[in-house]
Amino acid sequence: MQIRKPTGVRLERKKEASLLNWNLKRPLPPEKISIPLSLASLPCVRAGDAVQAGQMIAKPEGPKGVSVHAGIAGVVEKTGILENGRNREISAIGIRRQGEPKTVPAPDPRKGWEGIDSEELLKIFRNSGLVMTNPGEEPVHVKIQRHVSARSVIINGCEPEPYLTCEQVLIMSHPVEVLRGAEILRKACGAARIVFAFEDTNLETIELIKSKIYFLKWEQAEVRTVPAIYPQGLESTLLQAWSRGKEDEAVVFPASTAFAAYEAVALQKPFYERVVTVGGECVVEPRSLWLPLGVSFQDAIRACKGVMREPEKVLMGGPMAGAEKKTGESFVTAGTSAILALPKEVVKKGKEEPCIRCGLCVDHCPVSLSPATITLAAEQKEFGIAGAWDAADCIECGNCAYICPSNRPMLELIHLAKGHMRQVAAHG
Ligand code: SF4
Ligand code: SF4
């Protein structure tokens with residue numbers, strides 16, 4: 001992958017609406033949740049079992065396995081198959097709340113957590129169900145084991161997608177916890193340094209974190225910025241800019257993962273909830289708020305007073321790289337940063353036209369690919385050609401789709417090519 005100077009598109013930010021409701025609230029538990037399970041977790045409860053909030057409901061399966069915990073108290077309704085928004089069937093555990101909704105009691109802090117060594121930290125991550133709070137949802141202990149030679153831990157506080165404020169609100173509300181979590185992750189990785197990454201326009205957060213680093217007298221930490229142009233601030237672009245291969249390897253964690261690591265280690269709190277931005281022009285009270293994993297998109301939007309008009313599209317994630325979802329059939333998972341209900345005038349999708357070879361997609365691709373060639377090849381089912389033009393290096397940022405004057409379905413075609421290449425790699 002060729003490195004080049006920061007590139008991208010300057011997008012309308014649209015973050016103000018959810019920042020108006022600044023206080024990070026935790027709505028009362030929903031009536032039911034459905035928690036999707038990966039193959040790395042084995043259910044340890046059965047239908048009819050009563051469970052408490054925070055109780056383990058699935059055990060880690062194999063060395064890459066991770067436990068799963070109930071986000072509400074209630075009765076296990078079913079363990080079975082659930083259709084998720086990506087047309088994939090996955091196994092899930094459904095829990096129905098019993099009685100009146102109650103707030104979850106605070107867990108007991110862990111004594112002497114600052115002295116825990118790396119090996120023990122990885123065990124805590126695994127048993128707390130800690131996974132990356134990004135779409136990959138990789139278990140944190142597995143990610144750390146893949147980066148044993150990392151010299152720097154990058155804590156990513158950037159949110160380059162419009163509307164999204166979940167990381168910013170969490171950092172501004174709990175800066176010390178995020179810093180402590182970053183230090184826990186640095187120790188677990190055996191890295192020497194911590195780099196906090198922010199967009200250069202996010203001045204309040206930058207100043208807040210710099211002042212906390214100063215007061216903690218941390219020489220191992222620094223703040224760095226990236227230009228506020230999309231997709232600068234995504235994990236892959238940070239690595240491209242700041243990691244120099246094996247000799248100065250870096251590993252990136254979202255700030256919300258650092259916060260969850262702090263809770264798991266210092267507070268003995270399993271990972272069963274996250275901050276999600278519920279927004280878009282259709283939502284009555286857009287905001288970032290705590291939601292239990294497994295809550296339906298419908299209930300999440302209801303917790304923000306519902307919609308004032310019917311959305312044309314509901315997205316999981318931002319408008320550039322997010323995926324369209326059905327509200328009743330989609331559930332918050334560790335990687336759900338946002339639920340956006342967008343009206344027609346925002347979604348506006350013009351008629352698809354043939355490629356006019358304008359080259360705009362090539363100019364705006366942050367990893368120097370030729371999106372036009374890759375997608376034209378995918379359209380012709382010439383997946384070998386798409387592979388030869390490095391389709392696998394695509395970070396799925398959506399820049400090419402955004403910029404294309406012919407409204408070509410760039411991301412869909414890239415997904416098609418990458419899916420085909422994955423199948424070939426798996427089956428030969
Ligand atoms: S080809 Fe991939 S990385 Fe390049 S602009 Fe398109 S989506 Fe982004
Ligand atoms: S931006 Fe669209 S029309 Fe222009 S070269 Fe790329 S795919 Fe073709």
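Modeller: Before we start, a polar contact is a pair of N or O atoms within 3.5 Å, where one must be able to donate a hydrogen and the other to accept it. Keep in mind that this is a predicted model.

Colleague: Thanks! How many residue pairs are in polar contact across the interface of domain 1 and domain 2?

Modeller: Domain 1 covers 28-99 and domain 2 covers 113-266 in the domain assignment. Between these two domains the count of salt bridges is zero. For residue pairs in polar contact, both at pLDDT 80 or more, the rule finds eight.

Colleague: What area do domain 1 and domain 2 bury between them?

Modeller: Start with the centres of domain 1 and domain 2, which are 27 Å apart over C-alpha atoms. The contact draws on nine residues from domain 1 and 10 residues from domain 2. Carbon and sulfur atoms carry 54% of the buried area, and the area itself is about 620 Å².

Colleague: How do the residues divide on the side of domain 1 that touches domain 2?

Modeller: Here Gly would count as polar, and Tyr as nonpolar. Sorted that way, the residues on this side of domain 1 are four nonpolar, four polar and one charged.

Colleague: Now the rings! Which kind of aromatic pair do Tyr214 and Phe215 form?

Modeller: Their ring centres are 5.5 Å apart, with 75 degrees between the planes. Planes over 60 degrees apart count as edge-to-face. So the pair of Tyr214 and Phe215 is edge-to-face.

Colleague: Is Tyr214 buried or exposed, and what about Phe215, buried or exposed?

Modeller: The cut-off for exposed is over 50% relative accessible area. Tyr214 has 62% relative accessibility, so Tyr214 is exposed. Phe215 has a relative accessible area of 65%, so Phe215 is also exposed.

Methods. Residues are numbered from 1 along each chain as its sequence is written. Chains are lettered from A and ligands numbered from 1 in the order in which they are written. This is a predicted model: local features need pLDDT of at least 70, side-chain atom pairs count only at pLDDT 80 or more; totals for chains, interfaces and linings use all residues. Side-chain values use heavy atoms; hydrogens and water are left out. Domain bounds come from an automatic or database domain assignment. Contact means heavy atoms within 4.5 Å. Buried area is the accessible area (1.4 Å probe) that two parts lose on being put together, summed over both. A salt bridge is a side-chain nitrogen of Lys or Arg within 4 Å of a carboxyl oxygen of Asp or Glu. A polar contact is a pair of N or O atoms within 3.5 Å; within protein, one must be able to donate a hydrogen and the other to accept it, and residues adjacent in sequence count only if both atoms are side-chain atoms. Rings of Phe, Tyr and Trp (its six-membered ring) pair if their centres lie within 6.5 Å; planes under 30 degrees apart count as stacked, over 60 as edge-to-face and the rest as tilted. Buried means under 20% relative accessible area, exposed over 50%, partly exposed in between (1.4 Å probe, protein chains only).
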